[in-house]
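Me: I'd like to learn how to read a protein–DNA surface and then a helix. Can you walk me through one?

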Protein chains: 2
Amino acid sequence: MPTMFKKVLNCPLFKGISEQDLPFLLSCLNARTAVFDKGSVVLNAGEIWKTCGIVIEGKTQVFQYDFLGSGSLIATIKPMQLFAEAFSCTGISAPITVEAAEKSEILFLNTSRIHTTCDRNCAFHARLIYNLLHIMALKNVALLQKIECMSQKTTREKLMTFLSMEAMKNQSSEFDIPYDRQGLADYLSVNRSALSVEISRLAKDGLIKCRKNRFKLSENSPRSFD
Amino acid sequence: MPTMFKKVLNCPLFKGISEQDLPFLLSCLNARTAVFDKGSVVLNAGEIWKTCGIVIEGKTQVFQYDFLGSGSLIATIKPMQLFAEAFSCTGISAPITVEAAEKSEILFLNTSRIHTTCDRNCAFHARLIYNLLHIMALKNVALLQKIECMSQKTTREKLMTFLSMEAMKNQSSEFDIPYDRQGLADYLSVNRSALSVEISRLAKDGLIKCRKNRFKLSENSPRSFD
DNA sequence: TTCTTTTTGTTGGATTTCCAACATATTTTT
DNA sequence: AAAAATATGTTGGAAATCCAACAAAAAGAA
């Protein structure tokens, strides 16, 4: 456990929390850890989930099973990332299943203990609430951006919308994207080969330059960010 | 102002707050109201926004302007609904523009005052934080559901995913949807006429029954909820 | 009611995407 | 360095979507 303390301080949820406060805080949040073998189920769809999870070590994957029973990968949760925080806040039954993609150690926190100020009225509690709000707000923005990309009509527009956003984030017309081709295709919800075709076409039309994961929007592109 | 007090108590953000506490709370949150004429801009894209807004009366619309400068409607905000709460929590510059669709009265609240416990350590503050977390979590879930629908490959799958979710929410295989055909087409990001075709086809195939906005999933449909 | 306006359904052709199959390039392993 | 594995680019036909135009139905106004 103590070895885990130092790691967990890097989690955005505990940003600004000092190392000596952490043990109190974790007991306050009813924290418990568990280790899951590769392929085992961490959270089953349909359950009412009162805790959020933080991946300490390993990797878990979030699946959504549709009405036909076939599952699609929604997200991959890496160390220090949260999952199920939204569902545990709403009290609805989880529409997702979480599985360990490899042997993983998970830290579970009672979500309601985060926003319920405890008797001890600890100072770090306010910071924790701020952090959780911040994380949820960021996820919200990220989801909105994905929707904005996906709702474009053509693959070309989806791609340009995505690249414009990335340029904006990086404050530069030249930047690396965090996906490989298949990953980007999944994110934009288009066919991989169709995506490759469109990247080539945009390059041929002089709107972008692209080498591997590095893109550059041309100056004559509708908006540039130099 | 006092006439507005009673109305605002119905806003989910103030759920559980008593009428006599409200004035203190509003001053705590640096509340101010403003009236916007039809067509005027409430919030301009690019600004760093420190407040969230609540529509008291009227209607506002949220637009997202893409890299070509053409805007698409993201959401319509009706009385007692919040907007810009996610952006004001993150501190990023707003990627959206909010306009008054009709003459509207807006209540602005300093978001940071919500999660920063004030000196007075007021009891209702905890409730407010809980409410804000709940609202953001619900939005998060709603966005995830929209993404799940949109990421289906075919119009038929998009539609069935949406209808299954609605059936789940209503705990029944028969339910009303909150969109007309054009609205549903926009939500799923498909062509309206293609949507109509698919609804007819699903009905012909016996998977659903549909009359106006009322749908019924058939018993032989992959999942039913009776 | 009748007329007008709005919403929804239907059709066919143009356009776009998907998909499988394969070529080429890049990375990793031996 | 060679071989294997993985990632990316390219092609053409099949399938799905878009789109405009119009028909039918429903809702609202006169």
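Predicted model: local features only at pLDDT ≥ 70, side-chain atom pairs only at ≥ 80, totals over all residues.

Me: What share of the atoms of DNA strand D within 4 Å of the protein belong to sugar or phosphate?

Reply: That share is 61%, and the rest of those atoms belong to bases. For individual contacts, look at side-chain N or O atoms. On the base side, a side-chain N or O atom of Ser193(B) is 3.4 Å from a base nitrogen.

Me: Which elements give two or more residues to that surface?

Reply: From chain A, helix H7 (181-188) and helix H8 (192-204); from chain B, helix H8 (192-204). H8(A) gives the most, with five residues.

Me: Now the helix. Which residues of H7 in chain B are buried?

Reply: Buried here means under 20% relative accessible area. In H7(B), residues 181-188, that picks out Leu184(B), Ala185(B), Tyr187(B) and Leu188(B).

Me: Why do they count as being on the same side of H7(B)?

Reply: Because they cover an arc of only 160° around the axis.

Me: What covers the buried residues of H7(B)?

Reply: The cover includes helix H5 (123-150), helix H6 (155-170) and H8, of chain B. Check the helix end too: just after H7(B), Ser189(B) takes a positive phi of about 60°.

Terms used:
Residues numbered from 1 in each chain as written. Chains lettered and ligands numbered in written order. Heavy atoms only, no water. Near = heavy atom within 4 Å. Polar contact = N/O pair within 3.5 Å; in protein donor to acceptor, adjacent residues only side chain to side chain. Helix = DSSP H or I, 4+ residues; strand = E, 2+ residues; numbered from the N terminus. Buried < 20%, exposed > 50% of the residue type's maximum accessible area, 1.4 Å probe, protein only. Arc of directions from axis to C-beta. Contact = heavy atoms within 4.5 Å.
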